[in-house]
Amino acid sequence: MTLSPELIEKYNKPAPRYTSYPTVPLWENNLHSETWEALVQTAFDQFGEQEGITLYIHLPYCESLCSYCGCNKRITKNHSVEIPYLDAILTEWKKYLKLFNSKPKLAGIHLGGGTPTFFQPESLEYFLNEIIQNSEVLESAEFSFEGHPNNTTLAHLQTLNSLGFDRVSYGIQDFDSKVQLAIHRLQPLEKVIEATENARKSGYTSINFDLIYGLPHQTIASLEDTFEKVADLKPDRIAFYSYAHLPTVFPAQKSFEKHLPVDIEKRALYEFGRKKLIDLGYEEVGMDHFALPNDPLNLAKHKGTLHRNFMGYTTSPSKILIGLGASSISDIHLGYAQNEKNIEAYKETMNENLWAIQKGHVLTKEDIQIREIILDLICRNEAHIPLQVWEKLNEDQIFKLKNMESENLIRLEDGKLEITEMGMAIIRHVCKQLDLRLAENQKQHQVFSKAI
């Protein structure tokens, strides 16, 4: 079931991805180093020993700039930066080890970027061994990394696999040469085939492709050709993201903005891609994510054990996600913290053996309650809305939810909110109507506007 053109136009508006609640722009920034240390210790005592912890490690370096990219990155061909940066992360990791009252159990590691495969295999091996030897790796642990098909070598794959990595995500974006040229992401099909086959030969049990819709020069025809190539390679998972155009933040995006598909045209690309993926045998796991029927992500969805955090959807039950490296974000269930984005400032802070936290938020009981509701909607397509939450929704939020019900996008009954198959396409907008922080922020802005 797809949305009508009228509904596409109505809901073709920005809405948060809800990788956290509250969303990062609405954090109170009420976090100090001592508070963070206490929260980490409390979280570790409550959840860490039983569930283990997950690490997100941000490796920001890239050899060339992909002009569409909105990640925190540094462009350089100078590989002498590798070890000093990795040593800074190890300093941060040791600060966390001092907070834990026992050897941490690793439920997962994810290397993100930037381009993690910018780093030489031997550099990654040295670095990861330092982390793993100070931990107990759970039998169910999931180790994954993001790889660029152009520079993910067989040595990368084999080295990381020997350390326990069996999941890799390749940034494909689009196979069309005109699109690749516009976004400065030239990667021949042959390189993707080689990287995919090497991963399977090296023992990787899960391969993900990242694809993006809404890129310059994309058309239904060009996207269909991309999906035909994807079908031949049959990755286990596919993330099908919307391109985010933020030229004031990322000036390189200005180079192609007049060639971008917009509004109905962009939405049509998503609807086509979603249908194509389902026709190819993938199931929709949740926002932007698709997986083959027997993939653990899909099985977790059906079992009701799917989780979502700053890394996206995951099968890990761990409530503690520690972010290491410049700009990385930690989510320890009781609070969030984001590190300094500037690499030099981050390394300098580590040299001084201080925390590099740039912003953060201590969650209130209400925050935790709303987050659980939003996570239920995002991961299970339904949630129970307690009366005390329903009573805090403003008239506009209630009106919009009732409208969504009349449009067959959601069902409301006895305090339960269920998202229909058609409503999956606007799941962010459903979550937005339960976002008490956002509603309060908008109310304050309206009061301020009237005052001036």
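Helix 3 and helix 4 pack with their axes 10 Å apart and at an angle of about 10 degrees, in a model that is predicted. Since angles under 35 degrees count as roughly parallel, helix 3 and helix 4 are therefore roughly parallel to each other. On the side of helix 3 the contact is made by Glu82, Ile83, Leu86, Asp87, Ile89, Leu90 and Trp93, and on the side of helix 4 by Ser123, Tyr126, Phe127, Glu130 and Ile131. Sorted by class, this contact of helix 3 with helix 4 has 8 nonpolar, 1 polar and 3 charged residues.

The axes of helix 3, which covers residues 82–99, and of helix 11, which covers residues 343–351, come within 9 Å and cross at roughly 50 degrees. Helix 3 and helix 11 are therefore oblique to each other, and helix 3 passes helix 11 in a left-handed crossing. Here Pro84, Tyr85, Ala88, Ile89, Thr91 and Glu92 in helix 3 meet Ile343, Tyr346, Lys347 and Met350 in helix 11. By class, the residues in the contact of helix 3 with helix 11 are 7 nonpolar, 1 polar and 2 charged. Ile89 of helix 3 takes part in the contact with helix 4 and is also among the residues that meet helix 11.

A further helix pair is formed by helix 8, residues 220–233, and helix 9, residues 263–279, whose axes come within 10 Å and cross at roughly 25 degrees. Helix 8 and helix 9 are therefore roughly parallel to each other, and helix 8 passes helix 9 in a right-handed crossing. The contact is made by Ile220, Leu223, Glu224 and Phe227 of helix 8, together with Ala268, Leu269, Phe272, Gly273, Lys276 and Leu277 of helix 9. By class, the contact of helix 8 with helix 9 has 7 nonpolar, 1 polar and 2 charged residues.

The backbone deserves a separate look. Most residues other than glycine have a negative phi, and most peptide bonds are trans. The table lists places that depart from this pattern.

| Site | Backbone value | Location |
|---|---|---|
| Tyr21 to Pro22 | cis peptide bond, omega near -5 degrees | Pro22 in the loop between helix 1 and helix 2 (33–51) |
| Gly113 to Gly114 | cis peptide bond, omega near 15 degrees | Gly114 in the loop between strand 4 (105–113) and helix 4 (121–132) |
| Ser327 | positive phi of about 75 degrees | the loop between strand 13 (320–324) and strand 14 (329–331) |

Ser327 has its positive phi although it is not a glycine.

The last topic is open space in the model. The second largest pocket has a volume of about 430 Å³. It is lined by 17 residues, of which Asp396, Lys400, Lys432, Gln433 and Gln442 are the closest to its centre. The elements that give two or more residues to the lining of this pocket are helix 1 (5–11), helix 14 (395–406), helix 15 (427–432) and helix 16 (436–451). By class, the lining of the second largest pocket has 4 nonpolar, 7 polar and 6 charged residues.

Methods. Residues numbered from 1 in each chain as written. Predicted model: local features only at pLDDT ≥ 70, side-chain atom pairs only at ≥ 80, totals over all residues. Heavy atoms only, no water. Axes fitted to C-alpha atoms, helices over the stretch in contact; angles between N-to-C directions. Helix = DSSP H or I, 4+ residues; strand = E, 2+ residues; numbered from the N terminus. Parallel < 35°, antiparallel > 145°, perpendicular 65-115°, else oblique. Left-handed = near helix turned anticlockwise from the far one by under 90°. Contact = heavy atoms within 4.5 Å. Nonpolar A, V, L, I, M, F, W, Y, C, P; charged D, E, K, R; others polar. 1 Å grid on protein atoms, 1.4 Å probe; cavity = no way out; pocket = protein on both sides within 12 Å on 5 of 7 lines; lining within 4 Å. Points joined across faces, edges and corners; volume = space filled by probe spheres on them.
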